[in-house]
Amino acid sequence: MKILLTGGMGFIGSHTATVLLEAGYEVVIYDNLCNSNASVLDSLETITGKRPSFVKGDIRDLTAMTAALTGIDAVVHFAGLKAVGESVAKPIEYYDNNVHGTLVLLEAMKKTGVKRLIFSSSSTVYGTPTTLPLTEECPTGTPTNPYGRSKLHIEEILADVCISDPDFSAVCLRYFNPIGAHESGLIGENPNGIPNNLLPYVARVASGTLECLRVFGNDYPTPDGTGVRDYIHVMDLAEGHAKALPYVLNHKGWIAINLGCGRGYSVLEVVKAFEKASGRKVPYQIMPRRDGDIAANWADPKRAFELLGWKAERNIDDMCRDSWHYEAKRSGIEA
Ligand code: NAD
Ligand code: WQD
């Protein structure tokens, strides 16, 4: 089976590539490297002993996309821009890259007769939860930013494509909060500039690259007042994609599936777990709430178990250990 990963050089795509290569799939990565580095290919080869094919290209380039899809059995579509704050400042770029990019990909799939797609969706499509845990039956809400809306638009476009073509299969995997890194420490999450997300920020405070964590709000209706999220190890997430592939190859129609652990941790619980994993202090100060943040969300991951036979195996200590290992290598603390 030959699988094309759009955005496969990025954080989640590269971890998924390791699992698919080790499971014996032929992997083609299609990426324009706007948020990743070609050196990931060497790391993938070191980890798995196999080097995936790589095409440097943009998903909005219909000719290149069509050429890359020839002979492909299924697509896993990771490519997209993902910074929430930036999407508010640059909505046109976000809709162009994410929504228009997906439309071009779908056009290329139509031209080449490829009808199997796994899409990187997000728990952000639920908006502000009215009940927890979030099942896939919970209504999709009103995401609070263009990034979130782009994910919801794409899910809806895929549902329409499945209605128009009964042979098409689209699995929208709704990720909760992916963190951690491959246990080798060779690949991980390495955002440019100051990280927006909690874990890369905490990791850089622990390594001394940043001085102090700002905790956004301690007056939420949660046990310790700080925001609660369903953090999931990126390798568990990667394995979820490997389990979704046989499903997408053997089923037709549209479906959304949550990938989360099914429990939440607060910001302060994460800080504590990270201090334990790294043996270092993570100084923090309480700040006002961040605009657009919700108090808490976590998944009901039952559907993923029932349909894919998948459940998350790694806990918050594993996530922090692997995140720290990657950060320690990245920052030169560890060789
Ligand atoms: P990432 O930025 O590390 O990876 C995305 C990859 O896509 C990068 O390698 C980038 O170079 C590539 N890319 C972007 N636009 C492209 C284009 N037009 N053409 C070709 N390649 C392009 O992000 P990630 O964290 O690995 O996220 C992967 C997917 O999962 C994204 O769609 C993201 O929205 C989604 N997602 C991420 C999270 C998260 O917290 N990381 C949560 C939910 C959903
Ligand atoms: C987690 C918690 C913050 C940074 C985002 C996107 C979502 C998905 C995952 C892509 C919150 C708190 C954070 C900091 C803090 N991405 N925090 N200090 O906001 O749950 O989700 O990433 O699809 O769509 O919205 O993740 O890691 O930014 O925040 O106190 O410096 O940590 O307030 O409670 P979030 P996050």
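**View 1. Strand 6 and strand 11, side by side.** Strand 6 (residues 169-175) runs parallel to strand 11, and seven bridges join the two. One of the paired positions is Ser169, whose bridge partner in strand 11 is Gly253. Two strands count as paired here if DSSP finds at least two bridges between them; helices (H or I, at least four residues) and strands (E, at least two) are DSSP runs, numbered from the N terminus.

A quick note on the model: it is predicted, local features need pLDDT of at least 70, side-chain atom pairs count only at pLDDT 80 or more, and totals for chains, interfaces and linings use all residues. Residues are numbered from 1 along each chain as its sequence is written, chains are lettered from A and ligands numbered from 1 in the order in which they are written, and side-chain values use heavy atoms, with hydrogens and water left out.

**View 2. Helix 9 and what it packs against.** Helix 9 (residues 267-278) has twelve residues. Its buried residues (under 20% relative accessible area, 1.4 Å probe, protein chains only) include Val267, Val270, Phe274 and Ser278. The buried residues of helix 9 pack against several elements, among them helix 7 (198-206) and helix 11 (316-330), with contact meaning heavy atoms within 4.5 Å.

Methods. Expected span 1.5 Å × (residues − 1). Buried < 20%, exposed > 50% of the residue type's maximum accessible area, 1.4 Å probe, protein only.
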